[in-house]
Amino acid sequence: MLRPTIRSLNRRHYSTTSQPRKNLSSLAAGFVLSVGALTSFYIFFPHESRGALTSRDKKLSSSYFTPCTVTQSEPCGPNARLITLSLPQKLLPDPEERQFSAIWSIFIKDDDIQVERPYTPLEGVDSNGQMKIWIKKYTHGEVGRWLHSKKVGDEVEIRGPLQTWLWKSDDAWDEVVMISGGTGIAPFYQLYHQIISKGVSAKTRFTLLHSSRSPSELPPPEIMQQLSLYAVENPERFRFLIYVDSDSDHGPNSNVGRVGRIDKDAVASTVMRTNTNQWWIWPFKRSVEFDIRRTLFLVCGPEPMIAAIAGPYGRNLSQGLVGGALAELGATSSQVYKL
Ligand SMILES: Cc1cc2nc3c(=O)[nH]c(=O)nc-3n(C[C@H](O)[C@H](O)[C@H](O)COP(=O)(O)OP(=O)(O)OC[C@H]3O[C@@H](n4cnc5c(N)ncnc54)[C@H](O)[C@@H]3O)c2cc1C
């Protein structure tokens, strides 16, 4: 979730190192070459965020920014807020497009410094144009801090949707295992809201393994309650397992979960299970190996967590090789996606 890729084009970088003075003609030549190279790059490799304008009367789109209003901003654990953004009715996408396709995000622009970052509306956008987003603030982070300072009634500019990853019902996975850390649960909650809880792909079984540093940093209670309740009521469809690094503090979430990190054993236990349908096995309480080839693993969270579970991203934020716990379990690149 904290990958620099999408952001890198939009982040400001300051250099504090001074360069030795060069002679004037080589500087001029360098300047001409640089301008030429930059112009070619601009023409041949356009990026949709570049120069995106703001429109107050066109419907929400990824090609330009649309102003919307902060209609709610509630603290939710240390350094996190649940923020609701509301789009004017006339700028809402048409009803058939409104849910878009899970999993998608929007860019939010920090107007003070003209930097944009992607965020995931937990439940998509509703018919009133509302989008709820769980946003974490980092001590030296730019956009998160700026968003936390916004008050109800303030305007922020967004563009989207941007497809983070596309759920395809035809893929017919037997099992989908989602592994998240911190705000990395947001895309999986969107998938839950739009796909899992709606009964889409009814034959697929979903497991969500989520970790937070402490109970007080767990996702907002309304998210935790929804997921926990659905898991209790639909045990054959959905499992929800919570991990905390330490249980030294207690937040509003009474469901603290297991203490420890999501590791190979934790993931393995989701794909190995007692097959209760096979009556001749149960007296021996044996675990039978689930066919891992028909299991999809989706991973979203801080980079060190992604690396430990699925291997690091590749160059230019490509998927890279499958590594970590999932490689040890025998998962291949077609079964693993790092969001
Ligand atoms: C598809 C997608 C969806 C996302 N959805 C969400 C979501 O729903 N909710 C959410 O909270 N986040 C989400 N994110 C992450 C989000 O886009 C931002 O990356 C995050 O909010 C941090 O941005 P920032 O501008 O606040 O911090 P940045 O300025 O990008 O800083 C990020 C990190 O670098 C550190 N840092 C910054 N400056 C310095 C410095 N000078 N020295 C040392 N360290 C520094 C910060 O402390 C922080 O740890 C998503 C990311 C992606 C790719």
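Author: Q114 sits in the loop that joins β3 to β4 (115-119). Its phi is positive, near 55°, and Q114 is not a glycine. This model is predicted. A positive phi also turns up at N79, about 60°, again in a residue other than glycine. N79 belongs to the loop between β1 (66-75) and β2 (80-86). N79 counts as partly exposed because its relative accessibility is 44%, and that class lies between the 20% and 50% cut-offs.

Now the cis peptide bonds. One runs from A102 to I103, with omega near 15°. I103 is in the loop between α3 (95-98) and β3 (104-110). Another links G160 to P161, with omega near 5°. P161 lies within a strand, β6 (residues 155-163).

Next, strand β9, residues 238-244. Seven of its seven residues are buried. In a regular strand, side chains alternate between the two faces of the sheet. Which residues of β9 cover each side? One side holds F238, F240, I242 and V244; the other holds R239, L241 and Y243. Both faces are covered.

β9 has neighbours to pair with. Strand β8 (residues 205-212) pairs with β9 in the parallel sense, over seven bridges. There, L209 stands opposite L241. V259 in β10 is the bridge partner of V244.

Methods: Residues numbered from 1 in each chain as written. Predicted model: local features only at pLDDT ≥ 70, side-chain atom pairs only at ≥ 80, totals over all residues. Heavy atoms only, no water. Helix = DSSP H or I, 4+ residues; strand = E, 2+ residues; numbered from the N terminus. Buried < 20%, exposed > 50% of the residue type's maximum accessible area, 1.4 Å probe, protein only. Pairing = 2+ DSSP bridges.
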